[in-house]
Protein chains: 2
Amino acid sequence: MKVAFQGEPGAYSEQAVFNYFGDVETVPPESFDAMFDSVVAGKSDMALAPIENSLAGSIHQNYDLLLRHDLHIVGEYLLRVRHCLIANLGVKKEDITKAISHPQALGQCAAYLRSHGIKAEQVYDTAGSVNMLKESGARDVAAIASKRAAELYGMQILEEGIEDNAENYTRFLAVGRESTVPKEEAKTSIVFTLKNQPGALFKALSVFALRDLDLTKIESRPLQGKPWEYLFYIDFIGSMYDDVSKRALDHLGEYAVMLRVLGSYPRFRG
Amino acid sequence: MKVAFQGEPGAYSEQAVFNYFGDVETVPPESFDAMFDSVVAGKSDMALAPIENSLAGSIHQNYDLLLRHDLHIVGEYLLRVRHCLIANLGVKKEDITKAISHPQALGQCAAYLRSHGIKAEQVYDTAGSVNMLKESGARDVAAIASKRAAELYGMQILEEGIEDNAENYTRFLAVGRESTVPKEEAKTSIVFTLKNQPGALFKALSVFALRDLDLTKIESRPLQGKPWEYLFYIDFIGSMYDDVSKRALDHLGEYAVMLRVLGSYPRFRG
């Protein structure tokens, strides 16, 4: 099996692929767009797309890509993000004056860097910063990336778990060309639009509340070309193949201008 | 009056300040954080913070900053974003092989750039890209920024309105130290958290739906340190000083774990 992820070898997304799928072949497209295209074109069997970080919030681009492509969500995975301070071999922690990494990783270690008097400099991605650091040979610079990135490039980990907030998780969605019928407790992801009128969202949520279906996520996105009208993304506990969820979706169809089920999939159990 | 905006002279935010406030003194802090701090410390009387773009979605950082600071929303403004292709004097459009700008501006002109065979390169901000281009003197590079940025740096506009989608608006919020009582039709912005239980959001929305109060925006944000619990931001038509809205907010208080009114302010009329 071939699984696409966005980023370089050693990226957190690559770690998530191995944790979730086991020992598979990986395909690393350059962008989220190319990652989805790779599955559509059959160059990959699946993609593992980051959709939400517990600190930074949703990765909206992947929500938009889910909507634009005729693919199905078949699974979810939660990765605990642990940032490492990585340096060239023999470098000591007190030599470090600058850290390079992706802006989000730098932001998540801001207090750590400040308290150690280390300046932050943005680069394209986390694993790439390790590669850059190795090539430069710099001895006063550290990269912030995953343990796997340090190992992959044969670099030294000065400290592990330097993120300011330990509750740092990224949720990934496994996306494929075929839908699956989940056997375990399931989640379903949907996207819909509503008429722009008072109470519209309240009515839409009633189809879940009246059936005691638990929402785990709601997200609104502006509709391209229609300023201040919104797309809604909802995740709820249930499978589109069970009766109650089916009726809730039928009921929602009465109010929605557009409704698409992106997939029902086993709920992640850590 | 002194008004803080984030960005360099010539930024779209600066244009919004002059359109909304008229001829005021501007204070340009480097970051959104510094912009809010500037108002808190009394270095500025107001800040004008971009909160949402009709294509790109919400600027989450400013939602978080509204929550972290004890300031009040006192107004809103909608800016139509028109991107210009800007070059050094005497350069012709057919000479351009590369465009530099903020990633969001590049993204909003992606189809235009592709159809003209122009490569995109990311830089820190739109107005800054014009300054960089002027200093470099490059004759095969264009910057993408506002008309005002071109005029400010004495540069040439090769084409105006190169954005792929004309429905490109940015909504700004005027933020000050004192709340105001709006006299015209008002909007109110609130933020709240709920117990993590089925139907919680449905109940919360009922306080508006049962009183025919129209929501214009709903946004969810992860709660820092509590993975998969959410803050909700809602805008509705009404003023916290009118009876119906007051009752709705009291009613919401019965369900909410935390509830804060960020401000009531005149609704923008273009």
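Reply: Begin with burial: a residue is buried if 20 or more other C-beta atoms lie within 10 Å of its own, exposed if 12 or fewer, and partly exposed in between, with C-beta atoms placed from the backbone. With 10 C-beta neighbours inside 10 Å, A:Asp212 therefore counts as exposed. Please note that this is a predicted model, in which local features need pLDDT of at least 70 and side-chain atom pairs count only at pLDDT 80 or more, while totals for chains, interfaces and linings use all residues. Residues are numbered from 1 along each chain as its sequence is written, and chains are lettered from A and ligands numbered from 1 in the order in which they are written.

Me: Where does A:Asp212 lie in chain A?

Reply: One first needs the naming of elements: helices (H or I, at least four residues) and strands (E, at least two) are DSSP runs, numbered from the N terminus. A:Asp212 sits in the loop between α8 and β13 of chain A. Its backbone deserves attention, for A:Asp212 has a positive phi of about 55 degrees although it is not a glycine. In chain B, B:Asp212 occupies the loop between α8 (200-209) and β13 (215-223), and its phi, near 55 degrees, is a positive value in a residue other than glycine. B:Asp212 counts as exposed because it has 10 C-beta neighbours inside 10 Å.

Me: Is α8(A) mostly covered or mostly open?

Reply: The burial cut-offs apply again here. Helix α8(A) is mostly covered, since nine of its ten residues are buried. Among them are A:Leu201, A:Phe202, A:Leu205 and A:Phe208. In chain A as a whole, 46% of the 270 residues count as buried.

Me: Which residues does B:Ala174 touch?

Reply: B:Ala174 belongs to strand β11 (residues 169-176) of chain B. Leaving aside residues up to four places away in sequence, B:Ala174 touches B:Tyr20, B:Met46, B:Leu48, B:Val74, B:Gly75 and B:Tyr77. B:Ala174 is buried, because 23 other C-beta atoms lie within 10 Å. By contrast, B:Met155 is 19 residues from B:Ala174 along the chain, and their C-alpha atoms are separated by 31 Å.

Me: How does one describe the way in which two helices pack?

Reply: One compares axes, which are lines fitted to C-alpha atoms, for helices over the stretch in contact, with angles running from 0 to 180 degrees between N-to-C directions. The axes of helix α2 (residues 32-40) and helix α3 (residues 60-68) of chain A come within 10 Å and cross at roughly 30 degrees. That makes α2(A) roughly parallel to α3(A); angles under 35 degrees count as roughly parallel, over 145 as roughly antiparallel, 65 to 115 as roughly perpendicular and the rest as oblique.

Me: Which residues of α2(A) and α3(A) meet?

Reply: A:Phe32, A:Asp33 and A:Phe36 in α2(A) meet A:Gln61, A:Asn62 and A:Leu65 in α3(A). By class, this contact has three nonpolar, two polar and one charged residues. Here Ala, Val, Leu, Ile, Met, Phe, Trp, Tyr, Cys and Pro count as nonpolar, Asp, Glu, Lys and Arg as charged, and the others, Gly among them, as polar.

Me: How many residues does each chain give to the contact between chains?

Reply: Chain A gives 28 residues and chain B gives 27 residues. On the side of chain A that touches chain B, α8 (200-209), β13 (215-223) and β14 (226-237) each supply at least two residues. The largest share, seven residues, comes from β13(A). By class, that side of chain A divides into twelve nonpolar, ten polar and six charged residues.

Methods
Contact = placed C-beta atoms within 7 Å.
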